[in-house]
Amino acid sequence: MIKIALAGTSGLAQYIAHYISTQTCHQFFFLSRNPNPGLTAKGWQVLPVDYGNLNDVRYKLVGVDTVISTVSGQAQHSLIDAAAQVHVRRFVPSEFEGPLYQRPSTSDPLDRGQKHALSLLVEKQELYGMQFAVFSCGIFYERFYPEGMASLQLGAGTHISGEGDYIVNLRQRTAIIPFSHSNEVYVRMTSAEDVARYVVAALDLPDWPREFFLPAERMKVGDIVTMAELACGVDFQRQYVDENALRNAISYAVATDNISQQYRLHHLMATLHDRYDYSWVSPHQLVNSPSKQFAEWLLAAWCTE
Ligand SMILES: NC(=O)c1ccc[n+]([C@@H]2O[C@H](COP(=O)([O-])OP(=O)(O)OC[C@H]3O[C@@H](n4cnc5c(N)ncnc54)[C@H](OP(=O)(O)O)[C@@H]3O)[C@@H](O)[C@H]2O)c1
């Protein structure tokens, strides 16, 4: 049995907590900036944390074997520093999206401090022996949930957590599809719940690779729209946008100071640049029941609407 600290209380952290508590004997607690009566009512322990105070973060992590972070930016940087200093054995950074090799090497408008977090983790592994592993899973199915990911307490930090913020708007029957003249655009996709199952199952592996590539479903972007059309039983109004069109739209969104539109467009551009695609999947057979297929998940999500 190990002791796990779950940093953050978003939907993903709660799915992970659910699987730790139902599938393992490990002890865990949440670290949160806020009291969370809803979580404590479930019998889960929530410790307050001030990420701006390294002593406090260190104190909270004493005796912890593994930290699973779902927090980003400066908060995660403090968490990494503190974890290494109190000899945490393993650290899962707040990644859970496309693979590392698809990240842009220069400026990245979608970087939430992850690049710095990863360089800190490499440094801490060398200095303190703290291992880490990234769980690459592509995009969450929940991006297409009724009322958006926000209704599942997911994605606040992505700025695209509302309904219809990414590729397809099922209620309005519209789609904006990133399109390349030279190749098909693919994404890997999985549900946040299956990501949580996988992360929890990996806790018992004796050795971790630097990066897990989850067995997420791989599909053409246009097929996401086709599945949404099938779920709704009607054709959608499709708009195809190539790199030039996206670049122009981003310039316009910047000129008009439309921040949320900038994020929506940057996510489409990242998709066009294959950020959420990978060809190889980790060989670990960590979970027994197969991941939910997107078509099945989408139908279930929208038919109960
Ligand atoms: N692949 C995908 O499609 C996808 C989509 C969405 C999210 N994700 C991944 O899921 C993870 C969580 O992301 P998210 O966007 O759902 O959550 P988020 O907005 O980044 O928030 C996660 C947690 O961070 C804490 N937090 C929020 N703002 C903070 C601040 N200013 N300072 C310190 N802590 C702060 C909150 O915990 P407390 O309030 O409890 O302190 C919150 O529960 C990330 O790794 C992200 O990459 C992936």
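Mentor: A term to begin with: a residue is near a molecule if one of its heavy atoms lies within 4 Å of it. This is a predicted model, where local features need pLDDT of at least 70, side-chain atom pairs count only at pLDDT 80 or more, and totals for chains, interfaces and linings use all residues. Residues are numbered from 1 along each chain as its sequence is written, and side-chain values use heavy atoms, with hydrogens and water left out.
Trainee: OK, how many residues surround the ligand?
Mentor: The count is 26, with Thr-9, Ser-32, Ser-94, Glu-95 and Gly-155 the closest.
Trainee: And how far is the backbone N or O atom of Glu-95 from the ligand oxygen?
Mentor: That distance is 2.7 Å, within the polar contact limit (a pair of N or O atoms within 3.5 Å). For Phe-140, a backbone N or O atom lies 2.8 Å from a ligand oxygen.
Trainee: How much of the ligand does the protein bury?
Mentor: The protein buries 83% of the 890 Å² that the ligand exposes when taken alone, by the Shrake-Rupley method with a 1.4 Å probe.
Trainee: Switching topic, what are the domains?
Mentor: Domain 1 is 3-132 and domain 2 is 143-187 + 217-276 + 286-303; the bounds come from an automatic or database domain assignment.
Trainee: Which of them contribute to the shell around the ligand?
Mentor: Domain 1 and domain 2 each supply at least three residues.
Trainee: How far apart are their C-alpha centres?
Mentor: The centres of domain 1 and domain 2 are 27 Å apart.

Definitions and conventions. Polar contact = N/O pair within 3.5 Å; in protein donor to acceptor, adjacent residues only side chain to side chain.
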